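Here is a short report on a two-chain model. Keep the sequence and the structure open while you read.

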Amino acid sequence: MAGHETNPNFMNGVPELLILRLLAEQEMYGYEIVQAIRERTGEVVAVGEGVVYPVLHGLEHEGALRSRRKTVQGRSRIYYSLTAMGKRRLARMTATWANLAAVIGNVLGGRHAEAIR
Amino acid sequence: MQKRFVELRERLLRAGVAPRHVRRYLDELMDHVADLREEEVCAGKTAIDAEKAAVERLGPVDQLARAMTARPELRAWSARAPWAVFSVGPVALLGGLYLVACILLWTGWQIFLPGAKTPFVPIHGVAVIYFGVGRMLYWGGPVLVGWALGLVAARQRSSVAWLAAGLALLAFIGGAAQVSAFGPVAPGVPGHVHLWLTWGATPEETMGRLGSAGAIYCFAALPYVIWKWKRRPVSAS
């Protein structure tokens with residue numbers, strides 16, 4: 001199942017960025033985050049189902065996220081939300097990513113691309 | 001708990017991941033599997049197939065363990081700095097307990113035995129409890145700290161060598177600790193209490209202190225030894 005495979009080579013920092021972006025909108029728990037990433041990226045970016053949690057724990061440890069246990073429909077889950085530090089981090093990472101994407105886009109779409117053709 | 005989660009827990013703890021992160025990670029993974037199972041059932045799979053698919057989607061134990069152990073910030077202090085947790089920490093804690101014991105001895109002396117040349121005299125009433133707490137901390141301190149150390153080692157699956165070294169240090173200090181009280185040198189001047197380490201002036205005293213150190217070591221190690229013994233792999237025969 002292609003949608004369930006992860007793509008680690010280009011993934012450095014991407015899950016973190018996507019998680020921060022999603023949690024900037026609303027608090028979520030792990031399963032919701034994985035599903036949201038899959039849906040929003042059209043299954044192009046697939047975060048490993050189980051490996052999203054170490055990223056969440058790490059971000060919480062660094063102060064970018066906070067967590068709380070909440071019972072919804074009889075099930076107790078750990079919900080994550082963004083802190084002020086997390087918002088700053090998201091802004092910084094978004095700017096870096098946009099910069100990088102623009103530069104790579106230039107390279108791929110500019111004279112380098114013509115040279116390849 | 002499923003066998004694969006038990007295996008994952010052991011691997012994470014042995015790799016030095018902090019127990020609280022391990023516990024929460026496993027809780028979250030079990031919830032995640034339940035959600036995936038529900039999703040697969042809704043998609044039309046049977047309960048057995050849904051369970052199989054959910055476990056497969058979660059990923060193999062290797063991958064789940066690697067994702068966690070790759071994050072040094074989630075490691076326990078006993079893995080990051082075992083020398084601190086198993087030597088500096090317990091010595092500081094024992095020092096604190098001894099300090100409290102000495103304060104209790106000195107204040108008890110001033111409160112219940114004003115004017116006495118030494119606090120080591122027969123006492124009655126509330127004084128028994130007051131001095132008793134101090135005595136308990138003084139005699140039981142090394143063992144209590146040793147039990148705490150054993151608990152840390154057991155929870156975090158730490159190396160037995162570190163625990164043994166920490167307990168040896170506690171036994172050494174506990175066996176050599178000596179409290180003495182010196183009476184007032186002049187009227188109106190309170191006496192004072194001293195705590196120091198000594199292995200004794202005579203071979204008999206040294207042997208006695210070595211015996212105390214050995215007893216402290218054995219008592220302090222006992223709960224950990226029992227825990228280890230209960231967890232030993234049971235042979236097929």
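## A loop residue with positive phi

A:Glu43 sits in the loop that joins H2 and H3 of chain A. The model is predicted. The phi angle of A:Glu43 is near 65°, a positive value in a residue other than glycine. Most residues other than glycine have a negative phi. Is A:Glu43 buried, exposed or partly exposed? A:Glu43 has 14 C-beta neighbours inside 10 Å, so it counts as partly exposed.

A:Gln73 also has a positive phi, near 50°, and is not a glycine. This residue is in the loop between strand S1 (65–72) and S2 of chain A. A:Gln73 has 5 other C-beta atoms within 10 Å, so it is exposed. The cut-off for exposed is 12 or fewer.

## Where the chains meet

How many residues of chain A are in contact with chain B? On chain A there are 14, and they meet 19 residues of chain B. Three elements of chain A each supply at least two residues of the side that touches chain B: helix H2 (30–40), helix H3 (52–61) and strand S2 (75–82). H3(A) gives the most, with five residues. By class, this side of chain A has five nonpolar, seven polar and two charged residues.

## Nonpolar cores

In soluble globular proteins, nonpolar side chains tend to be buried together. The largest nonpolar core in this model has 38 residues. Those that touch the most other members are A:Ile19, A:Val52, A:Leu56, A:Leu65, B:Leu12, B:Val17 and B:Met68. Both chains contribute. From chain A, helix H1 (14–25), H2, H3 and S2 each supply at least two residues of this core.

Take B:Val17. Leaving aside its neighbours within four places in sequence, B:Val17 is in contact with B:Leu12, B:Val22, B:Met68, B:Thr69, B:Leu74, B:Arg75 and B:Ala76. A second, separate core has 29 residues, including B:Tyr98, B:Leu105, B:Val145 and B:Leu170.

## A helix pair in chain B

Helix H6 (residues 82–112) and helix H7 (residues 126–155) of chain B pack with their axes 8 Å apart. The angle between them is about 175°. Angles over 145 degrees count as roughly antiparallel. H6(B) and H7(B) are therefore roughly antiparallel to each other. What classes of residue make up the contact of H6(B) with H7(B)? By class, the contact has 22 nonpolar, three polar and no charged residues.

Key
Residues are numbered from 1 along each chain as its sequence is written. Chains are lettered from A and ligands numbered from 1 in the order in which they are written. This is a predicted model: local features need pLDDT of at least 70, side-chain atom pairs count only at pLDDT 80 or more; totals for chains, interfaces and linings use all residues. Two residues are in contact if their C-beta atoms, placed from the backbone, lie within 7 Å. Helices (H or I, at least four residues) and strands (E, at least two) are DSSP runs, numbered from the N terminus. Ala, Val, Leu, Ile, Met, Phe, Trp, Tyr, Cys and Pro count as nonpolar, Asp, Glu, Lys and Arg as charged, and the others, Gly among them, as polar. A residue is buried if 20 or more other C-beta atoms lie within 10 Å of its own, exposed if 12 or fewer, and partly exposed in between; C-beta atoms are placed from the backbone. A nonpolar core is a set of buried Ala, Val, Leu, Ile, Met, Phe, Trp, Tyr and Cys residues joined through C-beta atoms within 7 Å. Axes are lines fitted to C-alpha atoms, for helices over the stretch in contact, and angles run from 0 to 180 degrees between N-to-C directions. Angles under 35 degrees count as roughly parallel, over 145 as roughly antiparallel, 65 to 115 as roughly perpendicular and the rest as oblique.
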